[in-house]
Amino acid sequence: MRFQAASDQALLVYLGKEIGSAAHERVVQLLRLLQQEPLAWIRNIQPAYCSLLITFDAATVDHAEVQAKLAEYESRADKMPSGKARLVEVPVCYGGEFGPDLDDVAAQRGMLPEKVVELHFARTYHAYFLGFAPGFAYLGDLAEELAAPRLQTPRKEVAAGSVGIAGRQTAVYPFATPGGWRLIGRTPLEIFRKDREPMGLIAIGDQVRFRPITKAEFLAPRQG
Amino acid sequence: MSLLVVESAGLQTTVQDFGREGYGVLGVSASGAADAVALRLGNLLLENKAGTPALEMTLMGGTFLFPDGAVICLVGANFGAQMDGKPLELWRPHAILPGKRVSFGPTKDFARCYLCVAGGIGVAEFLGSASTHLLSGLGGWEGRALRKGDVLSIGRLEKNIRRRKLRTGVLEELKPKKTLRVTRGPQADWFPEEAQGTLSRGEFVVSEESNRMGLRLDGPRLVAPSKPEMVSEGTPLGAIQVTPSGQAIILFVEQQTTGGYPKIANVIGADLHSVGQLRPRDTIQFEEVSLAKARALWIEQQRLLASEERLFL
């Protein structure tokens, strides 16, 4: 456990150095304990791969006090039940107009687009955290063979539901936003809806699987 | 219910309050007024609650019709507000008679002017806040900037408004600055000595490509660390992150909640409202202070803003 002041009102708590399940398990356990026994002066918690950013009420506490309290919480956090991971299935129509970068990714890797698709949906992914935009879940770990850098120039607008890959990660864009990930498909599901509980389809700690669907299935009206 | 009719919207006019802090786990950044100090004072001058929703105008204001009348207070930047050709002073309440319109032009000084209304602007809350989050199209008025023809509900006037006035000196003390005070960022040690020097001595220019998500800075480039890519982590409000090309970006109210660029410094809480009043092409500088100093400045600013005696005559 390592602490680092991030701003005059925020402290970073590092629980590891590398992306992986060991560090992330500790992140989720500390998050669960902080949610179960909330501290009044915490204004926001932003979990990530190996860290939590704690924003606090600087008029009430200072970094040293926050640090001491979090160290005490962390010493108890390993007793938090990790809970059953939810399995979320995301149907995806790969390639074509929905996955404009699929052919490029395949060509760069010297494989057929079908192989890229197979490598993508063959795995069950872990939702490390939500960031960038509401409901945007960082899913890992993508097959090493598919690891690709972000686009040199990000797109000004990526369609909602687009499935992208970047490095060892994959994600679904919840909204039409700018984006630099390589797009290989699209889901017809609404990833984030403010009139739904929970609003986000994918939460931190969830397991996520992708299921290939045809364009006809993508366009078919859905029930419920 | 009284109404406000948007006859022209201006460059980017959104409904804002103090934002929705506390939803990082969902990937939701707080949003909220870019100049929260101005919003607070505008509301207090109207005897509203400090975080009552208001209209935030950016660089160029619009024209708004009040068919049922209202009491309003304009705060922040001077957009040359007028009613019937007569100028409306900033930082004091004005009664607007039914059927009158208030019009704004381009800014004469800072980036954002707030139109506060006694009783507030009525929009549905999303995650406990009325503020607009433009990137995701959530919150505020239909999740977007206002357009010509929009009709919003505003608070109905139920009591007489006192002619409240700010004490002299208050505005001077809270005036937005062009020298932003910063504390060291979590990756400050990753940067070579030169980069620290550039940050503390350089003059940076706010790029045209700046918005509520972040302010991109032109001018001197910072020498980026040679370390390999860092592991993405939570990004505080006001973080100054540096891209591989050495460009500094100040993350702001509609920020991405996590990021993988190293952060060299962070604007202190007491100066965040100054960031909200920066215009494209403004020249700015940074001055490093200790965490203890930053905290003392924050506490002092919070005390002033909470003290009726110190704020008002």
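Two strands are taken to pair if DSSP finds at least two bridges between them, and strands themselves (E, at least two residues), like helices (H or I, at least four residues), are DSSP runs numbered from the N terminus. By that criterion, strand β6 (residues 82-83) of chain B and β7(B) pair in the antiparallel sense over 2 bridges, with Q82(B) standing opposite P87(B).

This is a predicted model, in which local features need pLDDT of at least 70 and side-chain atom pairs count only at pLDDT 80 or more, while totals for chains, interfaces and linings use all residues. Residues are numbered from 1 along each chain as its sequence is written, chains are lettered from A and ligands numbered from 1 in the order in which they are written, and side-chain values use heavy atoms, with hydrogens and water left out.

Strand β1 (residues 2-8) of chain B runs antiparallel to β4(B) and is joined to it by 3 bridges, and V5(B) stands opposite L65(B). Strand β9 (residues 100-103) of chain B also pairs with β4(B) in the antiparallel sense, over 4 bridges, and there K100(B) is the bridge partner of F66(B).

**Second stop: L217(B)**

Centre the view on L217(B) in β15(B), which is the bridge partner of V206(B) and also has A248(B) in β18(B) as a bridge partner. The strands concerned are β14 (residues 204-206) and β15 (residues 214-218) of chain B, paired antiparallel over 2 bridges, while 4 bridges join β15(B) to the antiparallel strand β18 (residues 248-251) of chain B.

Now select the open sheet of 4 strands in chain A, ordered β1-β2-β4-β3 with antiparallel pairing. Here β1 (2-7) and β3 (42-47) of chain A stand at the edges with a single partner strand each, so one side of each is left without a neighbour in the sheet. Within this sheet, β3(A) and β4(A) (residues 51-56) pair over 5 bridges, and I45(A) has I54(A) as its bridge partner.

Then select helix α1 (residues 21-36) of chain A, in which the buried residues include V27(A), L30(A) and L34(A). Among the elements that cover the buried residues of α1(A) are β3, β4 and α2 (63-77) of chain A. In helix α4 (residues 113-121) of chain A, the buried residues are V116(A), V117(A), L119(A) and H120(A).

**Last stop: Q9(A)**

Finish at Q9(A), in the loop between β1 and β2 of chain A, which counts as buried at 6% relative accessibility. Its side chain is joined to that of R43(A) by a polar contact of 2.7 Å (a pair of N or O atoms within 3.5 Å; within protein, one must be able to donate a hydrogen and the other to accept it, and residues adjacent in sequence count only if both atoms are side-chain atoms). Not counting residues up to four places away in sequence, Q9(A) touches residues including H63(A), G269(B) and W298(B), where contact means heavy atoms within 4.5 Å.

Technical notes
Buried means under 20% relative accessible area, exposed over 50%, partly exposed in between (1.4 Å probe, protein chains only).
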